[in-house]
Structures are given as C-alpha cells and as structure tokens.
Amino acid sequence: NNQKIAVIHNGIIENYRDLKAQLESEGFHFSSETDTEVVPNMIEYWMQIRGVEFVQAVLNTFQSLEGNFALVVIDRDSKTIVGSKNGSPLVLGVGQNNDFFLASDIPAFLDRTKDVVYLYDGDTVVIRQPKIEGEKRWYEILDFRTGKREERPVQSVSWDMEHAAK
C-alpha cells in the first residue's frame, strides 16, 4: 500500500487468505490474488498500525506465515534487506568488497564470491547499510520464531562456474 516495501518470494504461503482478510478489515487494499502480496502489507501493518520498526515488523510477519517459503524483503526507507527461509532454499553470499548476495542456490552469485553462509529453516538474515560514514555494511542472523541471534559460519566453496554447471 505504501510502495516502500518490495518482496521476492519462492514457495507458498498457505494461510494467505486468512491474513489477507485480516488486513482488508484494517483498510489494506490488494491488487492481485497472490500469496506474495500479503507479505509487504502485513509488514506495513506492523509498522504503521502497531508502530514497530522494520526488522521487528518482518519477524512478526514471518511468525504469522504458514507454509514453505524463502523471502527477501527490502525497505526503501531504511535500505535494509531481510531474507528468511522456511522449507525453501536460501543461501547468503559474502563478498570481498562489503557485498552480500541472497539466492536460492550458490551458482547465482558464484562469479562474485565463493564465501557462503548456509541458512537453516527459521533463519532470518538482516543486511543493513552503514549508519556512520566509513562504516562497513554488516549482517546478522536471527531466528524469526524467537528473535534470538544465531551464529552460522562463513564457508568457502571450492567449485567454479564450470563445475557448478555440471
């Protein structure tokens, strides 16, 4: 509704009709019949109606979703990216130049980095822009069910694009 939140979605949100009905009762409008459209509207609900900041609004939204999904959410105002997985694949690439990549599989960013973080179901990675000039962009991993911080190792893959294509 506010056009400030973008979502990339792989999978299915089984309870989207119930969530959509709840949001419509709060005055939210939908332009499609897709399950994906519920996600940015639910995040906006948490931010505008409940006064929650973006990352917590995303965690609250993910807690309400049923199904298998991988989601990447971008907030235009905070320039924060949040990716989460629950049954569908999602992996984090960690680049040399303060670059981060989220994809369903490693070959999507293998030409940019071989350093990866394998995410587990329930993992939510938050990638933030620097708050102070000169500060590096950083990421943290949270469990969207509990909000607890998780540690996942950065691992290097040895294969190249040719090997990945096989």
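This is a predicted model: local features need pLDDT of at least 70, side-chain atom pairs count only at pLDDT 80 or more; totals for chains, interfaces and linings use all residues.
Residues are numbered from 1 along each chain as its sequence is written, and side-chain values use heavy atoms, with hydrogens and water left out. Local features need pLDDT of at least 70, side-chain atom pairs count only at pLDDT 80 or more, and totals for chains, interfaces and linings use all residues.

Helices (H or I, at least four residues) and strands (E, at least two) are DSSP runs, numbered from the N terminus. Helix 1 spans residues 16-25, and its buried residues are Y16, L19, K20 and L23. They lie on the same side of helix 1, because they cover an arc of only 100° around the axis. The arc is that of the directions from the helix axis to the C-beta atoms. Buried means under 20% relative accessible area, exposed over 50%, and partly exposed in between (1.4 Å probe, protein chains only). R17, D18 and S25 are exposed on the other side. The cover over the buried residues includes helix 2 (38-49) and helix 3 (54-64), with contact meaning heavy atoms within 4.5 Å. G27 follows helix 1 and has a positive phi, near 95°.

Strand 4 (residues 91-94) is covered on both faces. V91 and G93 are buried on one side, L92 and V94 on the other. In a regular strand the side chains alternate between the two faces of the sheet. Two strands pair if DSSP finds at least two bridges between them. Strand 4 pairs with strand 5 (residues 100-103) in the antiparallel sense, over four bridges. Here G93 stands opposite F101. Five residues separate the two strands in their hairpin, where N98 takes a positive phi near 65°. Strand 4 also pairs with strand 6 (residues 115-118), again antiparallel, over three bridges. In that pairing L92 stands opposite V117.
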